[in-house]
Amino acid sequence: FGPAPKFPVVPVLQWLLEHGSRESVGLADRTLVAMANSDLRDRIEGGFFRYATRRDWSEPHYERMLYDNAQLLSAYALLAVKVPEHADLARDTAAGIVNFLVNVLRLPGGGFASAQNSESIVDGYLTEGDYYALDAEGRARQDPPALDEKVLTGWNGLAIGGLAFAGFHLGRPAWVDAARVAADSILSSQMKASGELLRVTLDGKPSAARATLEDYGMLAHGLIHLAQATGEVRRAVEARRLVEMCLVDGEFVVPGGGDPVLVAQGLALATDPTEGAYPSGQSALAAAADRLYLLTGDRRFRAASERAMEQVAPLAVKQQLAFGAALTVMGGLSMPVSQLVVVSNEPDMALAQHARGTFQQGGVVALVTSDQVSEWAVEGFELFDGRATVGGKTTAYLCTDFVCRLPTTDLNELVTSATAAAQNDATR
């Protein structure tokens, strides 16, 4: 990914992993392994620094950002699923990121600070990096670098999604619990009485800055991942409400209008497709909307996602490094719709474990209990309508665009059906 300075352009890595070809996964694998073994990763507290000043990922700039680590958590979880030979390294790296998020960035209310500063005072001197040269015992004797305690709604949405996704696929319920706590905090502290979002708060006080599309999109996408990880439909209902607030005449617009200062200066944009280190609001909302389509069958969401990506596609295909998140959404939209619902009251059963280890671009996986599946159906999520256990056993439903095969309680039968479906898709 080019010369120094080297940034972890995580949306591009996510795109390469999700694309699924041997070449794309191989490139993402080599990059993520190199990063995990480099000085960019803090071995003591976990997490990654913002960028490296040298091409080999060495000599970091020691600021640690919420958005980088939230997205890298998802990337390493997906690496563990997609590349078994590096699963142990990926799991260990993911665990370190969670440690950083929960034990360093998490604020008393349950949300996450936006960053940890690069400078610290070590033995009375202001330095950059000396704190990180210490072992755990040495760090305990020093004051840690200060936090930037602004709570940004969109970045917290990325963290909620990363914790939920990694916790679900790697079988770490405590990580999902951390996502649940953060979601409760953000929905309580970052929302107006009108239901519109706040962009940022500091010490519980809201900024005058208007929430942007990225705040709505990132939070909605994170809540959907949390709903899938917990089976709690209320998270998906809230995500749907946020997306619908932004959906006007088939396009995404900021609820309540853009920032009044920019509007007054004639500088406000209806949509801003630019991205790089994290998704644009347009890409985040398109991702959330498409995932809602996969769960609800409501084609308004799929159409809005497609329309948003049609607008950005001419730029993205020419500047791939700058549009990783958009390309990820486009890749999903181009794939056959694959859906797997597992209804289980015994989360350790083989079919439930298989669901956790399943990922397919353009698809969705949900693991719910018998009580939860009826709640999803009542709330209008078509994918769950009529699903139930068979004979009280854990039961899987494998579907293609809401057309489902006969339910099965046998893992081998499910795997055989999934393989046949994938081969059929490949010949289309």
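**Close-up 1. Arg-300 over the ring of Phe-301.** In this predicted model, Arg-300 is placed over the face of Phe-301, at 5.0 Å from the ring centre.

**Close-up 2. The aromatic pair of Phe-49 and Tyr-132.** Among the 13 aromatic pairs that a search of the whole structure finds, Phe-49 and Tyr-132 make an edge-to-face pair, with 4.8 Å centre to centre and 75° between the planes. This pair links distant parts of the chain, 83 residues apart: Phe-49 belongs to the loop between helix 2 (22-36) and strand 1 (51-52), whereas Tyr-132 belongs to the loop between strand 6 (125-128) and helix 5 (136-140). Phe-49 counts as buried because its relative accessibility is 2%, under the 20% cut-off, and Tyr-132, at 10% relative accessibility, likewise counts as buried.

**Close-up 3. The aromatic pair of Phe-165 and Phe-359.** The rings of Phe-165 and Phe-359 form an edge-to-face aromatic pair, for which the centre to centre distance is 6.1 Å and the angle between the planes is 80°. Phe-165 lies in helix 6 (residues 153-169) and Phe-359 lies in the loop between helix 14 (350-356) and strand 14 (363-368), so that the pair ties together parts of the structure that are 194 residues apart in sequence. With a relative accessible area of 7%, Phe-165 is buried.

**Close-up 4. The aromatic cluster that includes Phe-49 and Tyr-132.** One aromatic cluster is formed by Phe-49, Tyr-62, Tyr-131 and Tyr-132, and two of these residues, Phe-49 and Tyr-132, are the partners of the edge-to-face pair with 4.8 Å centre to centre.

Terms used:
Residues are numbered from 1 along each chain as its sequence is written. This is a predicted model: local features need pLDDT of at least 70, side-chain atom pairs count only at pLDDT 80 or more; totals for chains, interfaces and linings use all residues. Side-chain values use heavy atoms; hydrogens and water are left out. Rings of Phe, Tyr and Trp (its six-membered ring) pair if their centres lie within 6.5 Å; planes under 30 degrees apart count as stacked, over 60 as edge-to-face and the rest as tilted. Helices (H or I, at least four residues) and strands (E, at least two) are DSSP runs, numbered from the N terminus. Buried means under 20% relative accessible area, exposed over 50%, partly exposed in between (1.4 Å probe, protein chains only). A charge sits over a ring if NZ of Lys or CZ of Arg is within 6 Å of the ring centre and within 35 degrees of the ring normal.
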